[in-house]
Amino acid sequence: GVLSGFVSLNNTAAYPFTTNTPASYPSFAPNPGVPASSYNFATTEESFRFPKVLRSNLAIDQKLYQDIILTGELIYTQSLNNINYYNANLRPSSKFFAGPDTRPRFDGVGLSGSAQASALRLNSKISDAIVMESAPLGGSIAATIKLEKPTKTKGLGWMAAYTFTRARDYMSAGSIAFSSWAAIRSIRGNNLADMAYSDNEIRNRVIGNVNYRIELGNSAALQFSLFGQSQNQGRFSYTYNGDMNGDGLSGNDLLYVPNSASELVFLPITSGATVVATAAQQATAFDAFISQDKYLSSRRGKYAERNGALLPYLVRFDFSTQLELFRNIGKNRHTIQLRADIFNVGNMINSASGVSNFVNTFNPLTAAGVNASGVPQYRMTTVSGGLNYTTYRKSTSIGDVWQAQFGIRYIF
């Protein structure tokens with residue numbers, strides 16, 4: 001293993017660069033036989049096996065009429081060995097919350113700093129001991145159907161296709177053990193994650209294009225192309241802001257969606273001595289937020305799922321025109337291509353077209369401890385200083401407006 005230490009300072013001249021380390025500098029050299037005051041582990045189970053999947057597919061191409069082709073494909077994937085992480089130094093939960101949300105309650109509720117670390121760690125000197133394991137965790141199914149009339153040297157060509165995907169797993173692992181484990185969204189704690197939708201699942205996707213090519217004499221050709229795509233913009237999870245269940249992680253606890261917001265205990269939102277929003281105002285606003293959200297309103301009385309919320313469809317079109325000038329020189333054909341592309345061309349016609357959605361908040365409630373009966377308490381998250389907001393607002397990134405490019409290519 002590697003034992004390391006560091007100094008973190010901002011805007012300091014206390015440690016100027018030098019090729020020799022002065023004796024006055026802090027020493028990070030470990031004392032032989034004396035363990036560090038705090039450290040962490042990233043280990044692997046002895047039974048771990050590298051990821052492996054069983055994948056099978058069935059596909060068919062069928063010519064329907066003249067040169068129109070129907071294609072269908074089904075791909076099934078089952079994980080035989082997939083990666084999962086757990087923290088072996090996290091003390092298991094010892095009780096449950098009271099009230100409608102009865103998820104496991106860890107001993108770190110209401111604590112912070114060293115007090116919380118002492119309550120949660122089996123070994124107080126080990127900040128975390130992340131263990132990598134493998135198991136048949138998850139799988140996916142993808143189905144595509146496509147109709148196509150291929151583009152020839154001239155004339156009309158087109159294609160239209162639809163893809164449905166369903167992918168489920170316990171987690172989407174990254175390159176760092178701790179961050180992969182901490183990024184899990186869970187109900188019972190990250191050591192007991194549930195099977196849920198994969199981070200990268202695109203549930204529905206429709207694509208299509210239309211091409212028309214004409215020959216201009218024997219030395220030129222002109223082609224017009226329109227490309228279109230409509231798909232869900234992805235998935236996301238509704239969680240609490242803060243460490244709701246007291247496991248030492250913030251923002252990982254999936255939301256409980258009440259049958260009515262009156263089931264929940266809200267604390268007033270204050271600014272100094274001024275009450276900005278009463279408990280009743282927050283309950284009313286949170287009920288309205290749930291009702292306008294298609295996913296949350298379907299989960300009343302249940303927990304939100306990891307990646308359970310499906311972003312709306314986004315429809316975009318791209319248009320291109322290409323002029324080819326060609327002639328044979330010697331044994332080779334030489335071609336100059338002049339091309340113009342307009343991306344998100346619908347936005348050039350209508351500024352509301354092709355604009356993606358931005359989630360106002362993934363954490364509509366902030367955890368505020370528990371009351372004397374062990375019932376969780378909350379404050380509603382404000383957006384732009386207010387409580388009355390919807391799930392989405394329109395994005396304003398550079399990718400949401402139309403763009404054009406011009407190019408020239410010489411082919412020989």
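User: Let's begin with the largest cavity: how does its lining split by class?
Analyst: Happy to! This is a predicted model. The lining of the largest cavity has 6 nonpolar residues and 2 charged ones, with no polar residues.

User: Which residues are they?
Analyst: The largest cavity is lined by P100, D101, E263, L264, V265, V375, P376 and Y378. Asp and Glu count as charged, so D101 and E263 are the charged pair in that lining.

User: And how much space lies in that largest cavity?
Analyst: About 40 Å³. The search of the whole structure finds 1 cavity of 30 Å³ or more.

User: Why use a probe for that sort of thing?
Analyst: Rolling a probe the size of a water molecule over the atoms shows where empty space is left.

User: OK, zooming out. How many helices and strands does the protein have?
Analyst: The secondary structure comes to 5 helices and 25 strands.

User: What's the radius of gyration, and what would a compact globule have?
Analyst: The protein has 29 Å, while a compact globule of 412 residues would have a radius of gyration near 22 Å. Along the principal axes, the C-alpha atoms fill a box of roughly 85 × 65 × 50 Å.

User: What about burial and surface?
Analyst: Of the 412 residues, 37% count as buried. The accessible surface comes to about 23,600 Å², and 56% of that belongs to carbon and sulfur atoms.

User: Let's look at some single residues. Is S320 buried or exposed?
Analyst: S320 counts as buried because its relative accessibility is 3%, under the 20% cut-off. You'll find S320 in strand β19, which covers residues 313-329.

User: What does S320 touch?
Analyst: Setting aside residues up to four places away in sequence, S320 touches Q223, F224, S225, F227, R339, A340 and D341.

User: Now the helices. Where does L296 sit?
Analyst: L296 is in helix α4, residues 294-298. With 0% relative accessibility, L296 counts as buried.

User: Who are its partners?
Analyst: Beyond the neighbours within four places in sequence, L296 is in contact with Y238, L255, V257, F289 and I290. As for T284, 12 residues from L296 along the chain, the two C-alpha atoms are separated by 15 Å.

User: Changing topic: which residues have a positive phi without being glycine?
Analyst: N344 is one of them, with a phi of about 55°. S384 also has a positive phi of about 55°.

User: Where are those two, and are they buried or exposed?
Analyst: N344 lies in the loop between β20 (332-343) and α5 (345-349). N344 is buried, with a relative accessible area of 4%. S384 is in the loop between β23 (376-380) and β24 (392-394), and S384 is exposed, with a relative accessible area of 82%.

User: Nice contrast. What about K154?
Analyst: K154 is another loop residue, between β7 (139-149) and β8 (155-169). K154 counts as exposed because its relative accessibility is 57%, over the 50% cut-off.

User: Which residues does K154 touch?
Analyst: K154 touches R213 and E215, not counting residues up to four places away in sequence. From K154 to Y212, the C-alpha distance is 7.2 Å, across 58 residues of sequence.

User: Last one: what can you tell me about N57?
Analyst: N57 lies in strand β2, residues 52-65. Apart from neighbours within four places in sequence, N57 is in contact with E73, L74 and I75. N57 and A142 are 85 residues apart in sequence and 9.4 Å apart in space, C-alpha to C-alpha.

Terms used:
Residues numbered from 1 in each chain as written. Predicted model: local features only at pLDDT ≥ 70, side-chain atom pairs only at ≥ 80, totals over all residues. Heavy atoms only, no water. 1 Å grid on protein atoms, 1.4 Å probe; cavity = no way out; pocket = protein on both sides within 12 Å on 5 of 7 lines; lining within 4 Å. Points joined across faces, edges and corners; volume = space filled by probe spheres on them. Helix = DSSP H or I, 4+ residues; strand = E, 2+ residues; numbered from the N terminus. Rg over C-alpha atoms; globule rule 2.2 N^0.38 Å. Buried < 20%, exposed > 50% of the residue type's maximum accessible area, 1.4 Å probe, protein only. Areas by Shrake-Rupley, 256 points an atom, 1.4 Å probe, with all protein chains shown as cover. Contact = heavy atoms within 4.5 Å.
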